[in-house]
Amino acid sequence: QPAVQESSFWAEEVNNGDLPPAAERIPDDPLIVDLEAKGRTLGVQGGTIRTLVSRTKDIRQMVVYGYARLVGYGEDYALRPDILRDVTVEDERKFTLHLRRGHRWSDGAPFTSADFEYWWKNVVGNAELTPSGPPEWMIVDGKLGTVSFPDAHTVVFEWESANPGFLPLLAQARPPFIYRPAHYLKQFHLDFTDPDALAPLILEARVKSWAALHNKVDNMYKFDNPDLPTLQPWLNATGGNTSRNVFVRNPYYHRMDTAGTHLPYVDVVVMTVVGSGLIAAKSNAGEVELQARGLDFRNVAILKKGESEGGNYRTLLWGNGTASQIAIYPNLNFADPVWREVMRDVRFRRALSLGIDRRMINRALYFGLANEGGMSALPQSPLHDPKDLHAWSDLNLDRANALLDDMGLTERNSAGLRLLPDGRPMEFVVETAGERQEEENALAIITDTWRDLGIRLVMRPLDRDILRNRVYAGLSMAAVWYGWDNGLPRPETDPQFAAPTQQEFFAWPKWGQYYQTMGDLGEEPDDPHAQRLLKLNWEWSHTDDTSKRANIWEEILDIHADQQYAIGVLNGAPQPVVVSRRLRNVPEEAIWAYDPGAHFGVHRPDEFYFEDPLQQAAAE
Amino acid sequence: MMFLRYAISRLATMLLTLWIVSILVFVIINLPPGDYLSNQIAELRATGQAEGVAKAEFLRREYALDRPIWEQYLIWVGFAPGPQGFSGLIQGNFGWSFEFDRPVGEIVGDALWLTVLINLAAVLFVYMVALPLGVLAAAKSETWVDYTSGFIGYLGLATPNFLLALMLFYYGQKYFDLPIGGLMAPEFEGQPMSWDKVKSILIHMIVPTFVIGTSGAAAMMQRLRANMLDELSKPYVETAIAKGMKPSKMLRKYPLRMAFNPFVADIGNLLPAMVSGSVLVSVVLGLQTIGPYLLTALKSQDQFLAAFVLMFVALLTLIGTMISDMLLVLLDPRIRMGGKKA
Amino acid sequence: MSVQPDNRFVDTAPWGEDENLSAPERAEFDAPSYILIWRKFRRHKLGLISGLFLLICYLILPIAGFISPYTPNERSADHLYHPPQEINLWHEGKFIGPYVYATTAVADLENYRWRYTEDPSTPMPLEFFCEGETYRLFGLIPSDTHLFCAPQGATVFLWGSDRLGRDVFSRILYGAQLSMTVGLIGITVSFVLGIFFGAVAGYFGGRTDWTINRAIEILRSLPELPLWLALSAAVPSNWGPVAVFFIISIILGILDWPGLARAVRAKFLSLREEEYVRAAEMMGAKPGRVIRRHLLPNFMSHLIASATLSIPAMILGETALSFLGLGLRAPAVSWGVMLNDAQNLASIEIYPWTAIPMLPIIVVVLAFNFLGDGLRASLDPYRS
Amino acid sequence: MPILDVKSLSIGFGTAPAVVDGVSFSVDRGQTLALVGESGSGKTLSCRAGLRLLPAAARILGGTVQYQHDGQTIDVLTAPERQLRHLRGNRMSMIFQEPMRALSPLHRLGDQVSEVLHLHQDISAAEAKKRVLAQFERVGFVDPERAWRSYPFEMSGGMRQRAMIAMAMVSNPDLLIADEPTTALDVTTQAQVLGLIKDLQKETGMAVILVTHDLGVVANMADTVVVMNRGRVMEAGAARDVLGAPAHGYTKKLFAAAPVIPEVAGPVPPPPGDDIILDIRGVTKSFTMKAGGWRAPVTITACRDVDLRLPRGKTLAVVGESGSGKTTCARVALGATLPDPGGEVLFRPAPGADPICVHDMSARVRRRFQREAQMVFQDPYSSLSPRMRVQDALTEPMEIHGLGNRRARRDKAAEMIRMVGLSPDMLPRYPHAFSGGQRQRLSIARALTLDPKLLVCDEPTSALDVSVQDQILGLLEEIRDRAGLSYLFISHDLAVVSRIADEVAVMRAGVIVEQAPPETLFHNPQHPYTRALIAAQPEPDITRPIDLDLVAKGAGKPQSWPEMFRFEGDSAPALRELEPGHKVRCHA
Ligand SMILES: Nc1ncnc2c1ncn2[C@@H]1O[C@H](COP(=O)(O)OP(=O)(O)OP(=O)(O)O)[C@@H](O)[C@H]1O
Ligand SMILES: Nc1ncnc2c1ncn2[C@@H]1O[C@H](COP(=O)(O)OP(=O)(O)OP(=O)(O)O)[C@@H](O)[C@H]1O
Ligand SMILES: [Mg+2]
Ligand SMILES: [Mg+2]
């Protein structure tokens with residue numbers, strides 16, 4: 001283990017004695033990153049990354065970008081311990097989490113199993129803080145798991161049956177924070193603090209009860225409380241409601257490089273809230289060092305122009321990590337029985353898919369840089385199968401028309417629209433969240449080819465929440481959304497999202513609801529393939545054999561490709577990433593995904609560094 | 001005396017109206033199905049994030065969202081006790097914003113003065129540009145002054161605000177090094193007032209003021225011009241000329257006051273219209289005014305925040321109309337608010 | 001004429017008692033007042049030209065399909081973001097009639113733009129009265145004859161093409177069909193309501209005024225934003241975009257009247273104290289008549305100016321609405337939709353021709369303004 | 001060297017023939033020039049040209065206007081605006097013919113008048129106010145402080161005219177152009193104003209151009225006279241010569257038409273009063289002044305306890321001091337103004353029919369009443385809608401009551417306009433394109449279109465020259481005799497009253513002080529105020545000037561009247577019948 005070097009950023013505090021020296025701040029067994037092995041270079045400390053977000057609450061992106069998790073994905077999307085020194089898993093049922101000795105919160109207090117205990121006993125276990133009881137994921141097959149704390153550096157989670165989703169859960173972009181800084185939060189907790197002492201705090205915070213106060217200060221994800229200790233690489237140094245949020249390096253961070261440089265390399269991250277329409281303009285004006293959020297492909301031309309006109313940045317194009325950039329979901333639970341029957345006919349969905357000119361869309365929207373095809377695992381995933389990608393996804397209007405004719409939809413009206421069995425013309429209403437122009441453009445192109453199928457596409461933009469509510473209620477006929485968020489499944493990825501277990505998959509909101517509410521609400525799936533998916537999902541969670549799981553996954557993907565529950569248009573659309581020319585270790589090519597991936601998170605921004613941090617400081 | 005009596009009765013009317021408006025506001029906000037927290041729970045579920053669901057449910061209970069709507073209304077206004085006793089608008093508690101996870105008063109407090117600032121600047125701009133130009137265009141009607149000012153005004157009107165803003169930002173940055181978006185350089189935020197901060201605010205306000213102001217200025221100018229043209233041929237203008245008044249002073253004192261009548265009538269709408277009219281501009285320009293908060297709150301059904309902003313705008317409107325009615329009486333002594341026969 | 005000694009002056013011209021009560025020409029004073037107004041209007045050159053221009057515009061609307069070389073949603077997959085093309089007449093010193101050069105697109109993956117190269121060797125003459133995509137003449141008769149179109153293998157994008165390879169020129173012509181009509185409906189609704197309620201409140205005053213004003217205040221206090229959001233969810237989904245927009249513009253009008261009503265009321269509160277109003281009342285004129293014949297004409301200038309000012313607001317209103325998911329959407333075409341698409345930096349800096357729809361808006365708005373001003377001037381009694 | 005010299009001035013509108021055609025006149029310092037002539041003959045336009053204040057549509061076709069200022073000759077028609085600005089209001093000022101319209105309705109009189117001082121002199125607000133109040137006092141305001149605070153619409157016609165006069169005179173100009181400055185004034189006030197002008201002339205050597213119809217005024221004031229007709233000067237010369245021996249045919253005709261108070265032999269019994277068409281009973285009307293502002297409300301009693309009975313087919317004239325409530329009474333009589341509770345007005349549409357109460361009618365009855373009772377407003381300009389062509393204004397009453405078809409209505413309009421001596425080709429014009437007297441005639445024509453039974457005329461002929469006035473009075477008499485029309489006739493001109501009235505009521509300060517048939521009244525005036533009025537009537541005889549100073553004192557304050565008539569405040573004595581048909585307000 002190399003000797004850790006003091007950072008210049010905190011040097012003054014250390015000299016003043018306000019902060020212990022670096023060697024005492026890092027854990028006894030820090031995480032040492034072998035950058036060279038990853039193909040990266042060793043860096044130097046210093047500098048400021050400026051980046052932009054469009055909403056105040058997006059400062060929580062710092063928790064996402066920082067991506068310090070108990071266990072986290074690497075760039076290969078494999079799970080490995082991060083904050084934890086180690087995890088031992090028995091039968092996917094019992095998880096023993098081993099903490100690093102000497103690991104400290106950002107305020108210097110030790111990070112121990114007591115922090116897990118506080119969460120479990122005083123937060124989850126407190127009826128006022130958590131009126132709805134323990135989180136759903138703690139319950140497996142109807143039985144609540146147990147949590148125990150054998151010693152200060154060990155925490156054990158145990159269930160009666162296997163809970164394979166546990167570790168991936170901890171690696172999410174937004175993980176359940178199963179540890180809380182107990183030493184800090186206790187002062188707001190009724191179990192530990194006198195009500196009389198709490199009263200003035202409650203008043204000051206303008207909340208109504210101690211529980212609300214606790215909830216207010218306890219925001220591990222929102223990241224808006226500068227007093228709340230954290231384990232992330234950068235800590236929030238600006239409280240309150242400003243548009244400029246400064247994050248400075250965590251002096252107690254648990255990682256360092258092989259040369260003994262304490263991570264993160266970059267001292268300060270400044271995240272500024274601006275209008276979403278201005279992000280491109282500001283990037284173009286060179287006001288950011290690292291930016292991807294808020295940029296989309298149509299900004300590339302202007303970014304490239306700025307670059308060639310002497311902008312001090314490069315525009316990288318990463319691939320998007322969702323399974324499909326644009327996917328149309330016919331609602332199999334649509335309230336209109338006639339349409340519902342038509343949409344449930346797989347021939348109809350296949351015909352729709354065959355009637356999409358994906359090449360044209362790709363060309364018009366992405367310069368042909370995306371992958372045309374249906375919704376399936378991305379090429380970067382071990383489960384990728386080109387067959388699935390291309391199933392029913394080549395433009396073939398004759399075949400599509402034949403399929404529709406075959407369904408008996410042969411009647412047409414004077415305008416050439418096919419008629420539904422009850423005589424109405426086929427006006428296929430697709431609702432969108434109205435947030436992305438690409439959806440609108442793609443639908444405009446699809447409209448033309450579908451007209452040749454005798455189907456009129458009617459696009460209807462709504463608000464995101466309204467759209468979701470309408471889909472759940474079975475009121476919308478079809479919706480456009482991204483494909484699965486996770487386009488990079490691995491055999492060990494829980495396939496739950498691909499089976500009718502969630503109403504959030506817009507093709508089967510009611511089936512998903514049925515599963516989620518254990519039969520209280522919604523409808524039972526009556527489609528054999530959907531039932532098969534459910535079965536496969538069950539089988540996956542009841543085995544721990546990786547190859548078997550891979551087989552299950554393959555079958556699931558085949559079913560989706562064949563059934564076209566979601567009609568994907570293309571995937572891997574390029575995502576512009578603006579990077580300062582001086583910022584190093586940013587991968588040239590990578591996947592831009594929220595989960596898994598945490599956007600920049602898996603690429604470890606704490607390893608990014610400025611070539612000449614001093615020069616930057618002088619320039620400012 | 002009579003005026004005082006009128007003012008008092010007008011105030012009473014205003015309170016009554018405000019109460020009716022509060023009911024309507026609450027109903028309208030609760031009209032769309034669902035509420036913020038259930039939407040949030042759905043969203044959290046959709047993205048598979050279990051964290052946060054518990055907190056949302058906590059808030060549901062804490063803010064009585066599980067009760068019938070009329071009860072929610074009474075609690076919100078402060079007519080009925082909520083889970084924590086009486087604390088509603090009339091008790092000075094504006095509620096909680098779920099979206100921002102902070103008390104409404106706190107959020108709005110910051111945005112409020114910026115809103116007032118930027119709108120005042122825009123109103124000032126409108127008046128400073130439109131008043132002299134409108135009067136001038138009328139006094140010199142059908143000359144190049146008239147045509148040019150009209151043309152530029154219509155140019156501003158016919159360009160969508162967003163496009164105008166983008167263009168001004170882009171070229172302003174490129175050629176004049178003007179800042180893009182925001183109302184002050186971010187590093188001044190939360191800092192005490194200083195000369196540099198004032199300077200930064202002023203520089204940042206150039207483009208927004210211009211964007212928000214252009215359409216208003218053009219509209220006011222053209223209407224003022226039309227009204228002035230009507231007044232200019234009235235005999236009392238001749239009398240004023242016969243007195244030997246300077247045209248500029250004469251125009252200001254006599255016909256302008258007469259021509260101002262329709263504008264005074266609309267003073268009530270000046271601020272509120274700019275608040276709601278500048279919502280989209282503010283969203284696009286990234287101004288931290290109350291407008292974007294309203295839009296976000298409405299879209300995500302963050303009901304207390306939305307309700308408060310709406311009530312605030314309503315209050316502005318009501319106060320505005322009240323002032324406008326009183327000004328009308330002061331402006332034109334012939335006006336009686338009474339019935340036809342009196 | 002004589003000046004007598006003591007500075008006395010006496011006119012010597014013959015002096016008759018009553019000669020000038022001559023009977024005037026009957027037709028002259030029988031002319032209805034609109035003829036008199038028209039005579040005055042005719043002299044307002046700018047107003048007259050604007051009026052003619054608008055007349056022509058409206059006459060073109062039903063045959064927009066014939067004049068435009070493409071239909072609005074006709075995409076040319078190989079010509080995305082094509083810059084405006086020149087129409088040439090002379091080739092190598094010879095007049096060969098209007099022609100274009102064929103262009104080919106190259107994707108410039110360095111800068112991520114489309115670049116076009118011309119083939120200047122072969123001029124491609126434009127075709128006239130040629131066949132193209134089908135459109136509906138007057139919205140009824142299907143036809144596929146276009147005034148002019150590009151020859152096989154070439155394109156004619158007078159004002160360039162947009163991101164989907166659609167002809168901007170044709171889309172502007174088609175867009176006029178919506179932008180120049182539907183918005184006016186909203187204005188009409190708002191004016192009728194605004195004038196009616198404002199007039200009633202201002203003229204009667206008292207309790208009527210109180211009631212109408214409270215209604216106005218309440219309407220005003222509720223910003224439109226939440227309403228639009230609610231509406232966007234409530235409109236039946238199978239309505240076409242035009243129908244939705246139609247309804248919206250009517251609602252826009254319904255919501256828009258209070259501003260005008262307040263202005264009308266304020267002015268009427270003042271005008272109703274005028275002596276000539278009292279005189280009319282004493283002759284037995286009913287309120288409707290007093291309002292129409294005596295009060296409104298005295299507020300006409302303001303109304304005309306307001307109406308001309310509402311036009312750009314209505315044309316552009318939809319761009320704001322589409323932020324909320326309520327504006328016009330594809331496949332409908334309007335100037336607002338086109339501008340909406342142009343609302344990004346790239347359109348300003350790289351593809352400036354996509355912002356061309358601003359031009360017709362400005363021109364039309366100016367034309368309406370001058371027309372209005374001409375009208376105002378010809379209604380002005382003090383101008384001869 | 002004349003101070004203002006107009007030489008062969010021609011003014012025209014559009015392509016029509018010139019309305020002022022080669023007019024020349026000049027006025028010297030300290031002199032008074034009287035412009036008399038036919039209504040619409042271009043007097044006003046010629047005067048306005050003196051200040052270059054012509055309507056926008058007017059075009060100068062020729063001639064010059066020269067003004068002497070500090071030994072310097074200024075060519076008014078071509079001088080730069082800036083130079084004129086220093087003269088206007090300061091060295092040369094103008095009293096406009098129709099003061100009702102010429103004052104801004106939104107500003108207090110004090111503000112408007114004192115502005116003249118502030119514009120041209122460096123003067124403190126207090127000093128200006130002092131001077132304006134003094135001026136107000138001199139033009140006959142009883143309560144100058146009230147006038148200072150009033151808005152124009154709160155003042156009577158004569159009061160507004162006096163404000164206008166004060167405005168023109170307060171800066172002691174070198175040249176005063178007075179366009180019919182006393183039309184709305186009763187004779188005593190008129191005498192006071194004329195006296196004021198004379199005084200000022202004596203003090204400062206002010207030159208005056210006086211436009212007037214009243215040959216009596218000419219005789220009393222003018223040094224030189226210019227007689228105009230149809231845009232041309234007919235005759236000009238020293239007042240003595242022209243008045244004494246008119247040379248031109250038009251002048252002769254004009255002078256012959258001047259009415260005079262006839263020398264009457266003795267009292268005449270009042271007209272039989274059994275069929276009363278209009279019965280005004282105990283009408284009191286008080287106003288609350290806007291001018292009060294934040295102060296305690298000020299109430300003005302415009303008329304008090306007025307009883308008037310108008311027999312069918314007869315003419316009841318009301319004369320009296322300016323501001324004494326005549327107009328108010330007339331408006332109450334036709335229901336335009338609501339009287340204070342207690343008073344009532346009854347109208348009997350036909351002999352023996354049930355009387356209808358004018359202030360309490362159903363909509364249907366009101367419509368009938370409004371057809372049968374018409375009013376000629378004191379201020380014709382304001383009572384014509386500025387955006388309505390005269391054509392439409394004249395046909396409007398018929399349209400309202402659904403009479404005739406379009407064509408018939410137009411014909412009737414043409415007939416009416418001809419009847420009042422105007423030409424039908426003026427029909428498409430707007431009201432502003434007429435002269436003051438022409439507008440007054442339009443107003444009469446409009447009132448007559450419906451063939452009413454009752455006509456309330458509020459100074460219907462004040463702006464008319466004597467020959468046209470004669471014509472109009474003849475018309476009114478003719479209609480009265482033919483159609484049995486009844487008139488409530490308000491006038492200042494005792495000569496006119498004596499000609500047309502069957503009974504005369506004299507008002508002063510809101511109450512009727514004396515009432516009798518004209519013969520009785522002029523033969524045997526009892527009340528001091530009536531006597532003062534008769535004494536103040538100027539006569540068109542240059543050899544018999546009235547003593548303006550003496551006359552202007554009028555009857556003085558009620559407190560100074562003989563014991564018998566004296567009253568203070570509200571405690572007026574009752575109206576007593578001294579002899580049959582002759583009522584006087586006096587103590588027994
Ligand atoms: N704007 C106008 N357009 C056309 N004719 C006009 C206009 N103004 C005035 N006139 C005409 O000019 C003539 C002269 O008007 P002026 O006002 O000078 O008459 P006047 O002698 O003052 O009459 P009065 O004694 O009735 O006031 C009148 O016949 C009138 O009809
Ligand atoms: N609207 C009003 N508000 C306040 N006071 C008024 C109003 N109208 C009239 N007065 C006052 O009532 C009194 C009588 O006015 P009125 O007009 O009846 O007088 P008049 O006899 O017609 O006088 P003139 O001969 O000058 O026209 C005046 O003192 C006037 O100031
Ligand atoms: Mg005149
Ligand atoms: Mg009067």
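1. Chain B and chain C bury about 6000 Å² between them, and carbon and sulfur atoms give 66% of that area. The model is predicted, and every value in this note is computed from it. The contact draws 67 residues from chain B and 62 residues from chain C. Salt bridges between chain B and chain C number 7. One of them pairs R10(B) with E217(C), with the closest N and O atoms 2.9 Å apart.

2. A further charged pair deserves a look. R334(B) and E274(C) meet through their side chains in a salt bridge, 3.0 Å from N to O. R334(B) sits in the segment after α15 (303-331) of chain B, and E274(C) sits in the loop between α9 (241-271) and α10 (275-282) of chain C, so this pair joins two chains. Are these residues buried or exposed? R334(B) has a relative accessible area of 7%, so R334(B) is buried. E274(C) has 15% relative accessibility and therefore counts as buried too. The cut-off for buried is under 20%.

3. Chain B also meets chain D. Here 28 residues of chain B are in contact with 33 residues of chain D. The buried area is about 2900 Å². Carbon and sulfur atoms give 64% of it. The rule finds 5 salt bridges across this interface. K253(B) also forms a salt bridge with D111(D); their closest N and O atoms are 2.9 Å apart.

4. Now chain B itself. It has 15 helices and 2 strands. Its C-alpha atoms fill a box of roughly 80 × 65 × 40 Å along the principal axes. Of its 342 residues, 59% are buried. Take the contacts in chain B between residues at least 6 apart in sequence: 68% of them join residues at least 24 apart.

5. Surface and charge of chain B. The chain exposes about 12600 Å², and carbon and sulfur atoms supply 71% of that. There are 26 positive and 24 negative side chains in chain B. The centres of these two sets lie 14 Å apart.

6. Helix α9 of chain B spans residues 235-242 and is mostly covered. How many of its 8 residues are buried? The count is 6. They are P235(B), Y236(B), V237(B), T239(B), A240(B) and A242(B). Which elements cover them? From chain B, the cover includes α8 (195-232), α10 (247-253) and α11 (255-259). From chain D, it includes α3 (99-102), α7 (157-169) and α14 (380-383). After α9(B) comes G244(B), with a positive phi near 90°.

7. Salt bridges over the whole model. Side chains of opposite charge can pair when their charged atoms come close. R166(C) and D162(C) form one such bridge, with the closest N and O atoms 3.0 Å apart. Both R166(C) and D162(C) are buried. In chain A, salt bridges with shared partners join K38(A), R40(A), E75(A), D82(A), R255(A), R604(A), D606(A) and E607(A) into one network.

8. R80(A) forms a salt bridge with D76(A), the closest N and O atoms being 3.0 Å apart. R80(A) has a relative accessible area of 40%, so R80(A) is partly exposed. D76(A) has a relative accessible area of 40% and is therefore partly exposed as well. Buried would need under 20%, and exposed over 50%.

9. Last, a histidine in chain A. Where does H153(A) lie? H153(A) is in the loop between β9 (146-151) and β10 (154-158) of chain A. Why does H153(A) count as buried? Its relative accessibility is 17%, and the cut-off is under 20%. Leaving out residues up to four places away in sequence, H153(A) touches L97(A), H98(A), L99(A), R100(A), R101(A), G102(A) and S113(A).

Key:
Residues are numbered from 1 along each chain as its sequence is written. Chains are lettered from A and ligands numbered from 1 in the order in which they are written. This is a predicted model: local features need pLDDT of at least 70, side-chain atom pairs count only at pLDDT 80 or more; totals for chains, interfaces and linings use all residues. Side-chain values use heavy atoms; hydrogens and water are left out. Helices (H or I, at least four residues) and strands (E, at least two) are DSSP runs, numbered from the N terminus. Buried means under 20% relative accessible area, exposed over 50%, partly exposed in between (1.4 Å probe, protein chains only). Contact means heavy atoms within 4.5 Å. Accessible areas come from the Shrake-Rupley method with a 1.4 Å probe; for residues, only the protein chains shown count as cover. Lys and Arg count as positive and Asp and Glu as negative; His and the chain ends are not counted. The place of a charge is taken as NZ of Lys, CZ of Arg, CG of Asp or CD of Glu. Buried area is the accessible area (1.4 Å probe) that two parts lose on being put together, summed over both. A salt bridge is a side-chain nitrogen of Lys or Arg within 4 Å of a carboxyl oxygen of Asp or Glu.
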